[in-house]
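Let's walk through a model together, one feature at a time. Have the viewer ready, and we will take each question as it comes.

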Amino acid sequence: MLVLASASPRRKALLDLIVKEFFVLPVDIDETPNINEQAEAYVVRMALEKARASIAKYSHQAGDHSSDAVFIASDTSVVIDGDVLGKPTSFEDAHTMLRRLSGRSHQVITSLCVSNLNQDHVLTECVTTEVLFREISDIEIRQYWQTTEPVDKAGAYAIQGLGGVFVRHLSGSYSAVVGLPLYETAQLLAQFGVHSLEEMSYE
Ligand SMILES: Cc1cn([C@H]2C[C@H](O)[C@@H](COP(=O)(O)OP(=O)(O)OP(=O)(O)O)O2)c(=O)[nH]c1=O
């Protein structure tokens, strides 16, 4: 039994591509960064906390404290000059983010946490992708905001949507930017006996 600790439709769609059966158990955690917390440490902590919260919720709901359930959680943040950009809370917020990203390179950091139910087997991973944006005008930012696409996306854009027109170059993992790195996810899950293909080889 695999449990995806996420409310993100993108993560569900990506996991659907590589795993036959799982169910979704979204959790709500406090996403406030700690003082002086580095971006990578923050993103990994978020995935860990989502996984832990889903384990607690699952144990409570299912009354199950001993099964072979496996939990997977992830977090995506956009990072520029070491600053973490989360989801925009207003047009002004999105405008500030996209102005900062315009014509420059930034990092998208996506973390993964996979754990068993009693948490004696917990693995985490962090995938960093470098994304170069073309210049974006203020008019484009306004029009883009009006599509509503930026609303629930880290950094106020979606590479898999209209936001793809801003992306001049990418180095890393496209699926990680969308929300779940397929290669690393398959690798971690295989270590918990969850396989994407009958016979998988990792080198
Ligand atoms: C940069 C970028 C982010 N995103 C999305 C991925 C994530 O869903 C979201 C970042 O927010 P997250 O907090 O990582 O995830 P979430 O709140 O959507 O879902 P949950 O915590 O329940 O798993 O931004 C895109 O869809 N496309 C992109 O190009």
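**Reading the ligand shell and beyond**

Q: Which element gives the largest share of the shell around the ligand?
A: Strand β3 does, with four residues. Helices (H or I, at least four residues) and strands (E, at least two) are DSSP runs numbered from the N terminus. Residues are numbered from 1 along each chain as its sequence is written. This is a predicted model, in which local features need pLDDT of at least 70, side-chain atom pairs count only at pLDDT 80 or more, and totals for chains, interfaces and linings use all residues.

Q: What confidence scores does the model have, and what is the mean pLDDT of the protein?
A: pLDDT is the predictor's confidence in each residue, from 0 to 100. Where pLDDT is low, the predicted coordinates should not be read in detail. Here the mean pLDDT of the protein is 95, and 96% of its residues reach 70 or more. The model scores ipTM 0.96 and pTM 0.94.

Q: Which residues come nearest to the ligand?
A: A residue is near a molecule or strand if its C-beta atom, placed from the backbone, lies within 6 Å of it. Around this ligand there are 25 residues, of which Ser-6, Ala-7, Ser-8, Ile-159 and Gly-179 come nearest. Two or more residues of the shell come from each of α1 (9-18), β3 and α5 (174-178).

Q: How many residues of each class does the shell around the ligand have?
A: Ala, Val, Leu, Ile, Met, Phe, Trp, Tyr, Cys and Pro count as nonpolar, Asp, Glu, Lys and Arg as charged, and the others, Gly among them, as polar. By that scheme the shell has 10 nonpolar, eight polar and seven charged residues.

Q: Is Ser-8 buried or exposed?
A: A residue is buried if 20 or more other C-beta atoms lie within 10 Å of its own, exposed if 12 or fewer, and partly exposed in between, with C-beta atoms placed from the backbone. Ser-8 has 20 other C-beta atoms within 10 Å, so Ser-8 is buried. You will find Ser-8 in the loop between β1 (2-4) and α1.

Q: What does UniProt list as "active site", and where is Asp-75 placed?
A: UniProt positions are given in the numbering used here, feature names are shortened, and annotations may be inferred rather than shown by experiment. In this case the unreviewed UniProt entry lists Asp-75 as "active site". Asp-75 is in strand β3 (residues 70-80), and Asp-75 counts as buried because it has 26 C-beta neighbours inside 10 Å.

Q: Which residues is Asp-75 in contact with, leaving aside its neighbours within four places in sequence?
A: Two residues are in contact if their C-beta atoms, placed from the backbone, lie within 7 Å. With neighbours within four places in sequence left aside, Asp-75 is in contact with Val-43, Met-46, Ala-47, Lys-50 and Ser-111.

Q: Where is Val-178 placed, and which contacts does Val-178 have?
A: Val-178 belongs to helix α5 and is buried, because 22 C-beta neighbours lie inside 10 Å. Beyond neighbours within four places in sequence, Val-178 is in contact with Arg-10, Leu-14, Ile-159 and Gln-160.

Q: Which residues touch the most other members of the largest nonpolar core?
A: A nonpolar core is a set of buried Ala, Val, Leu, Ile, Met, Phe, Trp, Tyr and Cys residues joined through C-beta atoms within 7 Å. The largest one here has 48 residues, and Ala-5, Phe-71 and Ile-72 touch the most other members. Helix α2 (residues 39-62) gives the most to this core, with seven residues.

Q: Which residues have a positive phi although they are not glycine?
A: Most residues other than glycine have a negative phi, and most peptide bonds are trans. Among the cases to look at is Asp-81, whose phi is near 50 degrees. Asp-81 lies in the loop between β3 and β4 (83-85), and is exposed because 7 other C-beta atoms lie within 10 Å. Gln-119 has a positive phi of about 60 degrees, and lies in the loop between β5 (105-116) and β6 (122-133).
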